Amino acid sequence: MTRRHGYALLAAIIAVIVAMSTAIYVGVAADTGTRDRTSLSGPRPARPSAAPASAGVWVGTWSASPVGAEPGTQAEGMTGRSVRNVVHAAVGGTSARVTLSNLYGRTTLTITHASIALAAGTRTAAARAGTMRPLTFAGNTTVVIAAGGQVLSDAVALAVPAGGDVLVTTYSPSLSGPVTYHPTARQTSYAGEGDLTEDETGTAYTEQVDHWRYLTALDVLSGEADGTVVAFGDSLTDGKNSTADANDRWSDYLNRRLRTALAAGRDLPRYSVVNAGIGGNRVLSDARGRPLENQAGIRRFRRDVLDRPNVKIVVIDLGINDLLRTPGTADPQKILTGLRDLVRQAHARGIKVVGATLMPVGRRATWTEAREVVRQTINAEIRSGRVYDAVVDFDKALRDPYDPLALRTMYDSGDRLHPNDKGYERMADTFDLAYLKGSTAARL
């Protein structure tokens with residue numbers, strides 16, 4: 001072989017290597033990390049090539065777990081009406097996408113139009129001028145969601161500000177009951193007759209509700225956050241009895257606290273905090289209905305935590321309803337086994353787990369000494385470090401120092417179980433932000 005032929009062969013080999021490397025890089029870069037989150041009634045379609053391209057990573061900025069079928073919607077769903085959900089963004093981003101659920105629908109849900117916009121203010125169905133964007137699903141404005149399924153929208157370019165309210169609107173012209181919803185949202189949302197998906201004024205939205213319909217997640221392509229923290233729990237996490245439309249759940253307080261610390265220059269991970277609380281939720285047992293409503297923590301954990309985008313930390317505050325709603329006395333070892341199963345699932349995905357002690361409910365009529373023994377047994381094991389990677393002691397922080405079986409009066413909303421706004425803020429303040437650093441504990 002001549003030297004000239006040798007150079008030519010070497011150049012050809014280098015060209016092949018460069019081409020293969022470029023193909024691998026493009027393939028990896030195109031992966032949005034949502035492979036497990038989209039469920040359609042048929043083969044998963046390819047994403048449209050016109051999706052917005054921008055720097056950043058996909059993180060959750062808001063979420064609400066589907067709970068059950070909305071009463072009164074079994075026959076028609078929301079036929080011929082527009083649903084305008086109002087949600088609060090934990091962090092900002094340059095593009096957005098939503099997840100819609102038909103988990104409790106008994107027929108297919110056909111949505112012919114959907115939109116997203118920034119709210120013009122608080123407690124309003126009006127959109128900020130110039131921010132209305134149509135939503136598409138695999139490039140189409142119409143999407144059909146199978147009974148029991150969910151769908152992830154295409155990304156749309158929209159500058160979502162941290163701490164801002166976002167409007168997500170859907171319209172369905174056909175029978176599709178019942179409606180999958182999240183009650184006790186502590187957030188006013190709206191509905192109106194006809195296709196109002198692109199209506200900016202909000203005046204035609206004559207119905208106000210304290211729950212979210214169909215919508216279960218809002219993600220943003222963010223340069224402000226590198227990961228998601230999920231608060232996973234029951235009504236104490238869902239924010240029951242907190243001030244409506246004020247975003248005063250403990251997860252909201254924690255998100256604001258983290259953002260303030262980052263703005264002050266503290267060396268902490270840049271994370272968003274989203275909520276996956278369900279009132280009455282238990283570790284081990286589902287509620288009523290077919291399919292089962294208020295699914296047990298061990299059954300919904302993958303959907304509500306593991307399959308969220310870029311989850312780095314999960315904070316678990318679950319177990320008190322296993323005590324309150326179990327006839328007789330619950331078995332603490334079974335509850336602890338369930339909690340450890342959640343930890344095992346999280347560790348399999350490389351997610352760190354922070355767990356909370358069970359707060360006192362000693363003044364409620366249904367409480368017994370036997371149930372208190374179970375609570376103390378569970379809390380002792382949690383505090384020992386043999387359940388979670390790190391522990392936040394909500395019990396110690398909110399109990400009455402003179403009556404440790406009860407909530408401190410200044411933190412009690414009045415029902416002896418759920419905190420008021422000050423109590424939820426205290427829960428967030430109890431959380432050591434240093435727990436957000438590091439990864440899972442190898443010993444667990």
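You're looking at a protein with nine helices and 23 strands. Keep in mind that this is a predicted model. Of its 444 residues, 55% count as buried.

**The whole chain**

- The protein exposes about 18,500 Å², and carbon and sulfur atoms supply 53% of that area.
- Take the contacts between residues at least 6 apart in sequence: 81% of them join residues at least 24 apart.

**Helix pair α3 and α9**

- Two packed helices are described by the angle between their axes and the distance between the axes.
- For α3 (residues 250-263) and α9 (residues 421-430), the packing angle is about 50° and the axes are 8 Å apart.
- That angle makes α3 oblique to α9.
- The crossing of α3 and α9 is right-handed.
- On the α3 side, the residues in contact are W250, Y253, L254 and R257; on the α9 side they are D421, Y424, E425, M427, A428 and D429.
- Sorted by class, this contact of α3 with α9 has six nonpolar residues, four charged ones and no polar ones.

**Helix pair α6 and α7**

- Helix α6 (residues 332-348) packs against α7 (residues 369-383) at about 35°, and here the axes are 9 Å apart.
- The crossing of α6 and α7 is right-handed.
- From α6, the contact takes in P332, Q333, I335, L336 and R340, while α7 brings V374, T377, I378 and E381.
- The contact of α6 with α7 splits into five nonpolar, two polar and two charged residues.

**Backbone spots to look at**

- As background, most residues other than glycine have a negative phi, and most peptide bonds are trans.
- Where's the cis peptide bond with an omega of about -15°? It joins G177 and P178.
- P178 sits in the loop between β11 (165-172) and β12 (180-182).
- Y214 isn't a glycine, yet its phi is positive, near 65°.
- You'll find Y214 in the loop between β15 (212-213) and β16 (215-222).
- Is Y214 buried or exposed? Y214 is buried, with a relative accessible area of 2%.
- N310, also not a glycine, has a positive phi of about 55°.
- Look for N310 in the loop between α4 (297-306) and β19 (311-317).
- With a relative accessible area of 34%, N310 is partly exposed, whereas Y214 is buried.

- R186 is in the loop between β12 and β13 (189-193).
- Does R186 count as buried or exposed? Its relative accessibility is 19%, so R186 counts as buried, the cut-off being under 20%.
- Which residues does R186 touch, not counting those up to four places away in sequence? They are D210, G239, N241, S242, T243, A244, D245 and R249.

How values were computed. Residues numbered from 1 in each chain as written. Predicted model: local features only at pLDDT ≥ 70, side-chain atom pairs only at ≥ 80, totals over all residues. Heavy atoms only, no water. Axes fitted to C-alpha atoms, helices over the stretch in contact; angles between N-to-C directions. Helix = DSSP H or I, 4+ residues; strand = E, 2+ residues; numbered from the N terminus. Parallel < 35°, antiparallel > 145°, perpendicular 65-115°, else oblique. Left-handed = near helix turned anticlockwise from the far one by under 90°. Contact = heavy atoms within 4.5 Å. Nonpolar A, V, L, I, M, F, W, Y, C, P; charged D, E, K, R; others polar. Buried < 20%, exposed > 50% of the residue type's maximum accessible area, 1.4 Å probe, protein only. Areas by Shrake-Rupley, 256 points an atom, 1.4 Å probe, with all protein chains shown as cover.
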